[in-house]
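Dear colleague,

I am passing on the structure for your files. My notes on it follow below.

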Amino acid sequence: MSYDFDQLYQEFSARIYKLCLSYSGNQLFADDLHQETWIAVWNSLPKFRNESKIGTWIYRIAINTCLVGLKKEKNKDQNSETILSKLIYEETFDNSNEINRLYECISKLKESDRIIITLVLEEKPYEEIAEITGITENNLRVKIHRIKKELQEIYTNYGRI
Amino acid sequence: MEEFKDFENLWKKAETKAPTKNTNISTIKNNRMKLKNTYTKGAILLIITGIFILVLLFNFDARIQTTPIITSMVIIAAVCFLQAFLMIFTAEKISKIDETQTPSFHLKQWQNFRSFQKKQRHWNMPVYYLFLSIALGIYLYELLKNVDPWKMILAFVITYSWMLFAYFYLGKREIKKQDAKLDGIITELKSLENQFH
């Protein structure tokens, strides 16, 4: 079964973008990560062998892009451009302040935790999260329980520090 | 937000729009491809340099085409080709990194690549300097064999002093800096990988 890139983009880009936003907590970085992911999908699509679901496969690319992509960006953090982009993001991005707050809170978690919790919020079954992340289901259950608690704490304490 | 369920509802309601698809997506390179291209371009430049040296050699006046001159220039061209081969090999290693694997495996691939880079820098520099010193020595001797011995000695002293300074001071300092940078990257990749166990 072969897939049409445009169709995949239409179907998955919003979800992948949400993953990039919650991973980076910043629109500028998220834009970069999102574009990097789709370039990788474009280049790897001819090699897709239907060994997993196409969604699982795209999520893996996105996660791997986020994991190695943000290191470079961290060094640039807090320069004027970033601060400006954050302001624009806070002012104009999305119609809800609460979701922006949630993205930012998720980005304060450990890297793997950001990914896992985003997949949970996307309502992916544990089996699929395990397949995407390569973590065993049992281990995943323990982790998810802990991450949920941690996220609630961060969200509650948001803005207090 | 008392319950996790509230986060789930908020997530579902969020109308986050993804950026529109870039129409030139087939022509844009991602970071991995850019890194690979740096090596490929470097290799091409080195191959062109090597070929240029050989072309120059064949176009030399017959009087200058002595065995030592030919030997030294061939050594320099060979160094260029070897270096180019190494760069192509490195580019191949980068292109083999598979972004569709599990995060742990993918991070391991990057760790292996960075370790390879670190090892390669350590043996690459001495070999490069050794060949370059031999080639330059032969070349200088042949060029200056008819001048006053003190002038020849002076030329050798200046050339090799600079090379020793470049190798033992500048080169080692650079290696140390690069090692620290690569160690930092490897440690970070390892700590990320450990999160997926």
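**The contact between the chains**

Chain A contributes 41 residues to the contact and chain B contributes 32 residues (two residues are in contact if their C-beta atoms, placed from the backbone, lie within 7 Å). On chain A, at least two residues each come from α1 (5-24), α2 (27-44), α3 (54-76), α5 (97-106), α6 (111-121) and α8 (137-157); helices are DSSP runs of H or I with at least four residues, strands are runs of E with at least two, and both are numbered from the N terminus. The most is given by α3(A), with ten residues. By class, the side of chain A that touches chain B has 18 nonpolar, 13 polar and ten charged residues (Ala, Val, Leu, Ile, Met, Phe, Trp, Tyr, Cys and Pro count as nonpolar, Asp, Glu, Lys and Arg as charged, and the others, Gly among them, as polar).

**Basis and confidence**

This is a predicted model, in which local features need pLDDT of at least 70, side-chain atom pairs count only at pLDDT 80 or more, and totals for chains, interfaces and linings use all residues. Residues are numbered from 1 along each chain as its sequence is written, and chains are lettered from A and ligands numbered from 1 in the order in which they are written. The model has ipTM 0.84 and pTM 0.85. For chain B the mean pLDDT is 91, with 99% of its residues at 70 or more (pLDDT is the predictor's confidence in each residue, from 0 to 100).

**A helix pair in chain A**

Helix α7 (residues 126-133) of chain A packs against α8(A) at an angle of about 105°, the axes being 9 Å apart. Axes are lines fitted to C-alpha atoms, for helices over the stretch in contact, and angles run from 0 to 180 degrees between N-to-C directions. The two helices are therefore roughly perpendicular (65 to 115 degrees; under 35 is roughly parallel, over 145 roughly antiparallel, the rest oblique). A:Y126, A:E127, A:I129 and A:A130 of α7(A) meet A:E137, A:L140 and A:R141 of α8(A).

**Chain B**

Chain B has five helices and zero strands. Its radius of gyration is 26 Å, well over the 16 Å that the globule rule gives for 197 residues, so chain B is more spread out than a compact globule (the radius is taken over C-alpha atoms; the rule is 2.2 Å times the number of residues to the power 0.38). The C-alpha trace of chain B spans about 90 × 35 × 25 Å along its principal axes.

Regards
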